[in-house]
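I opened my notebook to go through this structure step by step. My entries follow.

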Amino acid sequence: MTSVVDARGVSKHFGAVRAVDDVSFQIEQGKILGLIGPNGAGKTTLLKAVLGLTDCKGELSVLGLDPFRQRKELLKNICFIADVAVLPRWIKVTQLLEFVESVHPNFSRKRAEGFLSQTKVRSDAKVRELSKGMVVQLHLSIIMAIDAKLLVLDEPTLGLDIIFRKEFYSNLLNDYFDEKRTILITTHQVEEIENLLTDIMFINDGKILLDSPMESLAESYVELRTSGEDAVKARGLGPIAEHEMFGKAVLLFEGVSRENLEGLGELRTPSVADLFVAKVKGARK
Amino acid sequence: MIGNQLALIKRELWEHRSIYVTPLAVASIVTLSVLAMLVFASGFAKELDLAIFGASNIAGEGERRAALTAFFVGTSWLFLVALAILTVFYCLDCLYGERKDKSILFWRSLPITDAETVISKLITAIVIIPIVAVIGIVATHIVNLIITSLWVSMKGGDAGLLIWGSVPIFDNWMAAFIVVLASGIWMSPFIAWFLFVSAWTKRAPLLMAFMPLILIPLLEWIFLRTRFFATAVLDRGDAIPLFRTLDFESFFEEERWRHGIDSISLLGHLDVVQFLTSPSMWGGLLVCALFVTAAIYVRRYRDES
């Protein structure tokens, strides 16, 4: 497997604030990695470092390039949507396509027009005349028409309604993604994307709390719903988190095999959201 | 690299429509004024006949040339003023607007360097806007010459002699082209300073750009009793080393016309070699380069979120 992103001891400090603190990880080709973290966790700073928008300490290589120093070269093979409202409001759809076509060697205008024809975005419209959802469709149509190796999405669906959000991800999976591409995505609406991720990474206070393939989450983490005597027994096995739901105790275990918990209550694989809350709370203790 | 520049400059013309709307507005104002003047003059039939007779028979070619050149210079000067105001607002907006509406993140997601982007804005300010203005000047002259000749013919004058035979068109246009282009180069330190402020300021670019230009000479005068900054910076506009003489009054004095028609040449009053060899011009370009570098640096290194 080839590494698309290779980070070793990457740090970025703003004065005394350690936005990213000695972080190491790899992203391999063909993965869809979800980067999850609370506000101010360092997600955006880390993405910016990957995109070459900010300088950082440590060794960071993206597609074999130094993102900050070889940015122009890098941007031929990497795309990003940074926020929903970033397309210039004065530009016409046709102008936008013409501009990207003339500066981007890997952009196919035909492909973009193909995607756009499936939406309600008119080609003679200006961006300011489009709804928020249509602007995202336009941006995604452009991004998907770029033959890039790495796609970075930072809160791409913020402020969109559920129909647009679902469509956005289904387009991304069906029309864009293949084993040669890699996607790095951050979002608050983790439950909406957990089904499409192949890998997940939690970040908090600039540090990585979890970096794992989705399929091994079920092996490493178990959620137990129990009550009474069984709950007391289960607590003895060292859960990493506990909360109450409908009068039952919900305990979360890391690295405890299912056989040991069998018979103590109802077992299931925790949701990413629950796991995230447990990990962040655990890190704060 | 060149392909990117062309795309980026085209982009500037899409975004800043004032680049061609302003010359169009000036052209309309000039044309409407000329029309109003002609309609007004038509009301004085007797005086008009006399004037046309005088212009055709008594006045020499030199006088006719001087009169039309005065009109040409007047309109070109209007364009130059409009161009200056347009350039200030363009420069202050072009790197500020993209940060204000956050589209900078989109522009920076494409494989274009910050240097290419900032340089495209500099080229737009120093080359494209002046060229559009010269096109405006030439078009305005042509339209108004046609209108005036039709009018003169209607009033019984010989337009071929009075208008077309008397106007040194190419001399005037070439001179306008050189003056407009040289003005951009001469004022390039200001243009680059405005670009830098546009890339750097968090708010109120107009205020931030002009405040130092007012405060520094004031403080210098209060504390040092010198006028070094004011002379070097604020008086720069008047000091362009392009003219053989800055004495425009004597240019249109009757005495000069009688020296022969060659003295009515605007081009003859421009000294391009003096301009190109002026240390002050090269010094200005150096200051321009410094501010442009600073603008590129700020766009590249500042964290925008």
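Predicted model: local features only at pLDDT ≥ 70, side-chain atom pairs only at ≥ 80, totals over all residues.

**Domains of chain A**

I found 8 residues of domain 1 of chain A in contact with 7 residues of domain 2 of chain A. On the domain 1 side, helix 7 (190-193) and strand 8 (199-204) of chain A each supply at least two residues.

**Where chain A meets chain B**

I moved on to the two chains. Here 23 residues of chain A are in contact with 19 residues of chain B. Which elements of chain A each supply at least two residues of the side that touches chain B? I noted strand 5 (78-81) and helix 3 (93-103) of chain A. Helix 3 of chain A gives the most, with 5 residues. The side of chain A that touches chain B divides into 14 nonpolar, 5 polar and 4 charged residues.

Last, I turned to chain B. I listed 16 helices and 0 strands for chain B. Its C-alpha atoms fill a box of roughly 70 × 45 × 35 Å along the principal axes. Of the 305 residues of chain B, 33% count as buried. I also looked at contacts in chain B with a separation of 6 or more: residues 24 or more positions apart account for 85% of them.

Notes: Residues numbered from 1 in each chain as written. Chains lettered and ligands numbered in written order. Contact = placed C-beta atoms within 7 Å. Helix = DSSP H or I, 4+ residues; strand = E, 2+ residues; numbered from the N terminus. Nonpolar A, V, L, I, M, F, W, Y, C, P; charged D, E, K, R; others polar. Buried ≥ 20, exposed ≤ 12 C-beta atoms within 10 Å, placed from the backbone.
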